[in-house]
Amino acid sequence: MTPSRLPARSALAAAIALLMVGSAMAADASLPPADLREPINSVGSGAPSVLNLPQMGEPADAAMSPQQEAAIGASVMAELYQYDYVVDDLEIAEYLSNLGYRLVAAAPQKPPKVDVFMVADPRINAFALPGGHMGFNAGLLIASRNESELAGVMGHELTHVIQRHVARSQADQGGVGTFATWAAVLAAIIAGSADPNIVLAALAVGQGSLYQKQVNFTRANELEADRIGIQIMADAGFDPEGMADFFQRLEQQSRLYGTGMPEILQTHPVNTTRIAEARERAVAIEAGKPRKVVDSVDYSLMKARTRVLAADSASEAVEIFAAELKNRDTPENRYGLAFALSGTGNYKQAIVALKPTLEAYPRQATVMLLMAQMQLGAGQNADALALFDKTFRMYPAYAPAILRYAQALIETGKPDDARQILLASEQSYGTRLETYRLLSQAARDAGNNGEASYEMANYLYYRGDYGGALAQLDAGLRIESLPPNQRARMAARRAEVREALPRNFNPYERPDRRR
């Protein structure tokens, strides 16, 4: 197991940052006039005076339907996947998703879908896309000092999703015509993503035409996201001061950045007045009794894991964590060192480094899985499979335990056992893209090339690579020995995939869009 580095994606990062909810980069950091600001006197009771919740059948639906929001979100996510901009790390993805689910459970309204993912970018930022997708830069998790700060930012972005700020902004700006602008801008990103000048020029045209109306609505969106988001995080059991703490620290640091201001302050402009209002809300919620919130173990471990991935190399991460371990012998530093060592192939040293943490937390799934992976890397297959099996049985609903175990079974020559685990695990099958890739690998190793093509097509399809999916299905259909039932299933799937592509699309003339 080798940790993959976080690639630099400056041009695409700029494009996505500008495609954020509210187009906040066009707005300055000041607050709207007093008559536009929401009162906060009743937040402490859990009932803000004006929630401004979207209603069924409101103008937002005419401007951008939920189906259109989903289509835009899916298109952007496909681009993110194409450029390896989404961090495909099972443990980090599961941690962020669980944190998101915890906040959704405490929210006054439940969105139809929430997809939380980490962005492979060491800069500090977060954003909400149409269709319920919420991205959090790796740099954001690293910069946070506690779990409540991270939950504060997530609560803010979740509010953008719940309140349908994208659709509501389109209704405010003219409806269908504005949606067409969004589509045109997105098309320009897809067509010219290899050329930053094309991307930024297209975005400037699309956003400049809507500048004046966006400024005021963006300020209102941000205030509403603050106000409702802070209540959500508090109701979920986090310290409501976390949101204000994080933004205040970034605002103070921004004075030292000059033109290198963190992206989160460009896309989420703040000032001292806005921070003060967030603190006032936090005090009202707690009624003068600040709560003591203890961070989860997973928070510190996933922060360490992210730091390893964000390092320029595994060797650099080893040096960083080895130095920190000398000063502070903590579980997260040992976990980080072990994960970094595994990236250099030093599995035996990694096992030694992680052993005290496993002894301190013998039932911590993330620690157990890392130890098992390192044992596998060190050639201790029997011990590794036993620990994978133990973790899976202890946490049968934990997707990383399911998927890591399946991968280990494939690597040790047991593809049929891996397939049985994957198909029997509802928590991963159909909900984690990695499941389809592993099913394809298991089928290939078992000699079932038709099934392998079918599952790889599913994997690529759900990542938004319809052309790649079509090519896989065509390859499967060319297998002469393919049983009739598999051929019929594959042909039906091909028809579905082909429907998502232009009529003149040729999967064998796909340009290389990676940089």
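**Cores and helix packing in a predicted model**

Met-134 and Met-374 touch the most other members of the largest nonpolar core, which has 96 residues. A nonpolar core here is a set of buried Ala, Val, Leu, Ile, Met, Phe, Trp, Tyr and Cys residues joined through side-chain atoms within 4.5 Å. Buried means under 20% relative accessible area, exposed over 50%, and partly exposed in between (1.4 Å probe, protein chains only). Helix 18 (residues 365-377) gives this core its largest share, nine residues. A second, separate core of 13 residues includes Tyr-454, Tyr-459, Leu-473 and Met-490.

This is a predicted model, in which local features need pLDDT of at least 70 and side-chain atom pairs count only at pLDDT 80 or more, while totals for chains, interfaces and linings use all residues. Residues are numbered from 1 along each chain as its sequence is written, and side-chain values use heavy atoms, with hydrogens and water left out.

The chain has 25 helices and three strands. Helices (H or I, at least four residues) and strands (E, at least two) are DSSP runs, numbered from the N terminus. Of the chain's 515 residues, 55% count as buried. Among contacts (heavy atoms within 4.5 Å) in the chain with a separation of 6 or more, 69% are between residues 24 or more positions apart.

Next comes helix 14 (residues 297-310). How far apart are its end C-alpha atoms? They are 20 Å apart, which agrees with the 20 Å that its 14 residues should span at 1.5 Å a residue; the expected span is 1.5 Å times one less than the number of residues. The buried residues of helix 14 include Tyr-299, Met-302, Arg-305, Thr-306 and Leu-309. These five also take part in the meeting with helix 4, where Glu-91, Ile-92 and Tyr-95 of helix 4 meet Asp-298, Tyr-299, Met-302, Arg-305, Thr-306 and Leu-309 of helix 14.

Two packed helices are described by the angle between their axes and the distance between the axes. Axes are lines fitted to C-alpha atoms, for helices over the stretch in contact, and angles run from 0 to 180 degrees between N-to-C directions. Helix 4 (residues 90-106) packs on helix 14 at an angle of about 135 degrees, with the axes 10 Å apart. The two helices are therefore oblique to each other; angles under 35 degrees count as roughly parallel, over 145 as roughly antiparallel, 65 to 115 as roughly perpendicular and the rest as oblique.

Helix 20 (residues 399-411) and helix 22 (residues 433-445) have axes that come within 10 Å and cross at roughly 20 degrees. That makes helix 20 roughly parallel to helix 22. Leu-403, Ala-406, Gln-407 and Ile-410 are the residues of helix 20 that meet helix 22, where their partners include Leu-438, Gln-441 and Ala-442.

Two residues of helix 16 (residues 331-344) can be compared. Asn-333 lies in this helix and counts as buried, at 2% relative accessibility. Glu-332, also in helix 16, is partly exposed, with a relative accessible area of 21%. Not counting residues up to four places away in sequence, Glu-332 touches Ser-300, Leu-301, Ala-304 and Phe-321, whereas Asn-333 is in contact with Phe-321, Glu-324, Leu-325 and Arg-328.
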